[in-house]
Amino acid sequence: MSPRRFFVGGNWKMNGNKESLEELITTLNTASLDDQTEVVCGAPSIYLDFARSSLDPRIGVAAQNCYKVAKGAFTGEISPAMIKDCGVDWVILGHSERRHVFGEGDELIGQKVAHALESDLGVIACIGEKLEEREAGTTEEVVYAQTQVIAENVKDWGKVVLAYEPVWAIGTGKTASPEQAQEVHEKLRAWLRANVSDDVADSVRIIYGGSVTGANCRELASQGDVDGFLVGGASLKPEFVDIINARA
């Protein structure tokens with residue numbers, strides 16, 4: 001089994017301007033980053049070109065969303081073809097804010113995953129339960145159902161990173177404990193083993209998102225089935241470097 005390469009994504013969400021992002025990019029470009037870690041920054045679509053041309057080539061760039069077809073009369077949307085045309089290789093799909101703020105359902109997210117992969121984009125596919133689902137004891141049911149829809153739309157798992165983001169921990173300052181994160185990641189890997197294949201279960205990176213900081217990243221990174229992070233707020237701060245180096 002090949003060891004899974006640690007993966008740290010920064011999701012800038014709807015934040016930053018050219019001035020502040022240039023400062024952040026300079027910090028990242030000049031930082032000493034663990035070369036064992038794959039790093040990808042999720043920029044707002046209007047800044048994808050800017051981020052890709054400014055960031056050091058060792059750092060990847062992701063769009064935060066895309067549509068399910070290559071072009072057409074879809075005002076306000078962007079396609080994988082356009083993302084690729086900006087030199088960008090990744091897209092984040094199914095983020096809880098897309099699901100719960102913008103009402104994207106599993107079926108649409110699945111179609112987006114399929115089209116992005118067909119277009120040769122890497123996909124950071126997000127899953128995770130809401131607080132009431134965790135309290136009702138349905139966490140597994142919810143994340144398995146979300147993973148099922150993603151899995152039905154994946155032919156090549158080599159281009160997929162699975163991001164487990166408990167919705168109750170995103171931007172709330174509440175982090176899943178390392179044990180809580182490990183427990184869900186372990187169950188997700190077992191689900192992949194049972195429903196996809198041993199190879200995929202062993203090789204696919206399952207990363208954690210939800211109030212990851214410089215202070216808690218090392219303990220989370222030490223868990224056997226936590227293969228990295230999807231970082232929100234902290235990815236806009238210099239401490240993102242500490243998170244990238246959580247295993248160093």
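The residues of α5 that are buried are I109, G110, K112, V113, A114, H115, A116 and L117. This is a predicted model, in which local features need pLDDT of at least 70 and side-chain atom pairs count only at pLDDT 80 or more, while totals for chains, interfaces and linings use all residues. Residues are numbered from 1 along each chain as its sequence is written, and side-chain values use heavy atoms, with hydrogens and water left out.

The length of α5 can be checked against its residue count: at 1.5 Å a residue, the 13 residues of α5 (residues 106-118) should span 18 Å, and the end C-alpha atoms are 18 Å apart, which agrees; the expected span is 1.5 Å times one less than the number of residues. Just after α5, D120 takes a positive phi of about 70°, and this residue is found in the loop between α5 and β5. Most residues other than glycine have a negative phi. D120 is partly exposed, with a relative accessible area of 42%. A positive phi, near 55°, also occurs at K13, which lies in the loop between β1 (7-11) and α1.

In α1, L21, L24, I25 and L28 are buried. These residues cover an arc of only 100° around the axis, which puts them on the same side of α1, the arc being that of the directions from the helix axis to the C-beta atoms. An α-helix has 3.6 residues a turn, so residues three or four places apart point the same way. On the other side of α1, E19, E23 and T30 are exposed. The cover over the buried residues of α1 includes β2 (38-42), α2 (48-54), β3 (59-63) and α11 (240-244), counted by contact, that is, heavy atoms within 4.5 Å.

L28 also belongs to the largest nonpolar core, which has 67 residues and in which L28, V91, L192, Y208 and F229 touch the most other members; a nonpolar core is a set of buried Ala, Val, Leu, Ile, Met, Phe, Trp, Tyr and Cys residues joined through side-chain atoms within 4.5 Å. Helix α8 (residues 178-195) gives this core its largest share, five residues. Leaving aside neighbours within four places in sequence, V91 is in contact with A62, A63, N65, C66, I83, A116, L121, G122, V123 and I124, and A116 is one of the buried residues of α5. A second, separate core of 11 residues includes F7, I92, C126 and A163.

P166 is found in the loop between β6 (160-164) and α8, and at 0% relative accessibility P166 counts as buried. Not counting residues up to four places away in sequence, P166 touches E129, A176, Y208 and G209, and the C-alpha atoms of P166 and R134, 32 residues apart along the chain, are separated by 8.7 Å. E239, in the loop between β8 (228-231) and α11, is partly exposed, with a relative accessible area of 24%. With the same exclusion of residues up to four places away, E239 touches T213, G214 and A234, whereas E239 and L188, 51 residues apart in sequence, are 29 Å apart in space, C-alpha to C-alpha.

Taken as a whole, the protein chain has 11 helices and eight strands. Its radius of gyration is 17 Å, close to the 18 Å that the globule rule gives for 248 residues, so the chain is as compact as a globular protein of that length; the radius is taken over C-alpha atoms, and the rule is 2.2 Å times the number of residues to the power 0.38. The C-alpha atoms fill a box of roughly 45 × 45 × 35 Å along the principal axes, and buried residues make up 52% of the 248 residues. Among contacts between residues at least 6 apart in sequence, 73% join residues at least 24 apart. The chain exposes about 11100 Å², of which carbon and sulfur atoms supply 49%, with areas from the Shrake-Rupley method with a 1.4 Å probe and, for residues, only the protein chains shown counting as cover.

How values were computed
Buried < 20%, exposed > 50% of the residue type's maximum accessible area, 1.4 Å probe, protein only. Helix = DSSP H or I, 4+ residues; strand = E, 2+ residues; numbered from the N terminus.
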